[in-house]
Amino acid sequence: MAGSLEMEVEKNNISIQEAEAELAAAAGESVGAIAEGGEVGTAEQQASEGLIREDDDAVDYGFGRPDLQKKKPLVGSVDHYERHVFLCYHAAESWPAKIEKGAYEPLPNSMVSALRNRKTDMPKKTRLTIAEGHDEPVATNGDVLIFPDMVKYKGLGESDVESFVDEVLVAGKEWALGTPEPLTGFHVFICGHGSRDKRCGTCGPPLKETFSEELSKLLLKDQVFVRLCSHIGGHKYAGNVIIFGHSENGIVTGHWYGYVTPDDVPELIEQHICQGRIIDRLWRGQMGLTEDEQKERLQERIAAGSTVENEVQRECACAEVGEQGATNGTLHENGSLSQDKKSCQKCAPVLMPRIGSRDLTKMCGDAEAEEAATLSQPLPKDKKSRVGKFFKMPQWVEYWEADDTKVVLAVAGAATCVVLAYHLYRTSANQQ
């Protein structure tokens with residue numbers, strides 16, 4: 001396949017999206033390449049030489065570019081595949097345009113070659129993408145992340161590639177040379193392959209920075225992990241984002257989003273990661289679904305009225321919405337409410353639990369709210385008002401319902417009837 005680091009391992013030699021990428025590169029949109037003499041020209045190097053003008057990048061390739069403002073339909077733009085493998089390998093700014101072909105990149109080159117050689121033997125259609133890696137403070141170069149398996153193998157070396165592909169990706173066994181570690185939480189990958197396409201190189205880093213800032217506000221950086229990744233197809237949809245994590249039914253999903261801007265990041269965190277709801281206006285598709293199935297899923301959500309855009313604005317006790325908007329939150333035209341995190345922590349969204357760690361519901365509130373949250377479900381307002389102000393009531397009293405009272409009275413009444421009947425029977429027997 002024509003050199004994709006998000007290679008779909010199938011019989012075709014090149015996908016439609018990669019053909020588009022080749023045309024884009026031929027038109028000069030790729031700002032870095034491997035020269036014939038073997039030298040690697042990265043975006044960082046060209047910027048230092050004055051070949052890239054940052055002001056022009058923001059206008060022509062950033063979030064203000066004309067094609068992003070038009071936002072063509074996105075759904076169905078993800079080729080069908082069933083497994084996504086990420087190889088952690090150095091910083092994004094050091095990647096050449098065709099990293100898997102680089103003479104100086106032996107590990108990615110070996111991985112791609114092994115996957116091509118065994119693609120007909122693999123039970124699942126597999127994509128390979130490079131993700132950021134580093135040597136310190138914790139070495140991650142050579143780590144392999146696999147979705148939907150949600151496992152990580154550490155420290156893959158060039159000499160280990162063939163055995164890893166044969167045992168793990170083909171045979172479906174554990175690797176004899178390494179122990180898989182479970183992945184928990186949510187994993188966000190943002191295309192930042194600047195030497196492959198300037199749109200991704202311009203949009204990717206700011207998106208990663210915004211994700212980090214928003215997750216820090218919510219104390220979720222140890223629950224949601226964000227990395228830049230190499231080309232995933234669809235440069236024109238930059239910023240491109242993939243989010244992997246457990247859905248409400250426990251199944252691991254990989255949702256693709258396009259045309260993502262920093263303004264969309266809080267909504268992706270609140271709606272998708274925290275509440276498991278898809279942002280359909282940005283949704284490109286999903287791992288495991290064909291193009292037609294992706295379109296059907298979107299139509300099903302629209303028909304059910306379950307799209308985020310169609311839902312009524314969620315009530316927020318801290319937001320005072322007037323004619324001019326919201327004082328403690330921002331009321332958008334589509335009816336969604338993006339809350340001010342500092343003033344609205346108590347109304348932060350309920351997060352789905354993360355397997356293998358603390359319940360994420362404890363991660364969204366402030367310290368006071370966390371200490372008070374003894375149960376996973378908050379008390380209804382009418383129940384909270386019944387709790388004594390000077391001492392803490394037992395939990396069974398706090399959650400006592402009117403129906404519970406009726407049941408107790410019914411049981412007591414039945415018991416009373418039995419006692420009276422027995423008493424009458426004994427009195428009648430004694431009189432005879």
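In the structure, which is a predicted model, R127 lies over the face of Y81, at 4.8 Å from the ring centre. A charge is taken to sit over a ring if NZ of Lys or CZ of Arg is within 6 Å of the ring centre and within 35 degrees of the ring normal. A second case is found at W283, where the charged end of R301 sits over the ring, 4.4 Å from its centre.

Residues are numbered from 1 along each chain as its sequence is written, and side-chain values use heavy atoms, with hydrogens and water left out. As the model is predicted, local features need pLDDT of at least 70 and side-chain atom pairs count only at pLDDT 80 or more, whereas totals for chains, interfaces and linings use all residues. The pLDDT is the predictor's confidence in each residue, from 0 to 100. For the protein chain, the pLDDT averages 74, and 63% of the residues score at least 70.

The protein chain contains 13 helices and 17 strands. These elements are DSSP runs, numbered from the N terminus: helices are H or I runs of at least four residues, and strands are E runs of at least two. Of the 432 residues of the protein chain, 46% count as buried. Buried means under 20% relative accessible area, exposed over 50%, and partly exposed in between, with a 1.4 Å probe and protein chains only. Among contacts in the protein chain with a separation of 6 or more, 67% are between residues 24 or more positions apart.

In soluble globular proteins, nonpolar side chains tend to be buried together. A nonpolar core is here a set of buried Ala, Val, Leu, Ile, Met, Phe, Trp, Tyr and Cys residues joined through side-chain atoms within 4.5 Å. The largest such core has 50 residues, and M111, F164, L169, V188 and Y257 have the most contacts inside it. Helix α6 (residues 161-170) supplies the largest share of this core, with 6 residues. Beyond four places in sequence, F164 touches M111, V144, I146, Y153, L156, L169 and W175. Another core, of 21 residues, lies apart from the largest one and includes V78, Y81, F147 and M287.

The whole structure holds 11 aromatic pairs. Rings of Phe, Tyr and Trp (its six-membered ring) pair if their centres lie within 6.5 Å; planes under 30 degrees apart count as stacked, over 60 as edge-to-face and the rest as tilted. The pair of F147 and F189 is edge-to-face, because the ring centres are 5.9 Å apart and the planes stand at 75 degrees. This pair links distant parts of the chain, with F147 in strand β6 (residues 144-147) and F189 in strand β9 (residues 186-191), 42 residues apart. Both F147 and F189 are buried. The rings of F189 and F244 likewise have their centres 5.9 Å apart and their planes at 75 degrees, so this pair is edge-to-face. Ring pairs link F86, F147, F189 and F244 into a cluster.

Strand β9 runs parallel to β10, and 6 bridges join them; two strands pair if DSSP finds at least two bridges between them. V188 stands opposite V226 in β10. Strand β10 (residues 224-229) is largely enclosed by the rest of the structure, because 5 of its 6 residues are buried. Helix α8 (residues 265-275) is also largely enclosed, because 10 of its 11 residues are buried. After α8 comes G276, with a positive phi near 70 degrees.

Several backbone features occur in loops. The peptide bond from F147 to P148 is cis, with omega near 10 degrees, and P148 is placed in the loop between β6 and β7. M150 is found in that loop between β6 and β7 (151-153) and has a positive phi of about 55 degrees although it is not a glycine. With 5% relative accessibility, M150 counts as buried. Beyond four places in sequence, the residues touched by M150 include E181, P182, H187, H246 and V252. Y259, in the loop between β12 (252-257) and α8, has a positive phi of about 55 degrees and is not a glycine. A further cis peptide bond joins A238 and G239, with omega about 0 degrees.

Technical notes: Contact means heavy atoms within 4.5 Å.
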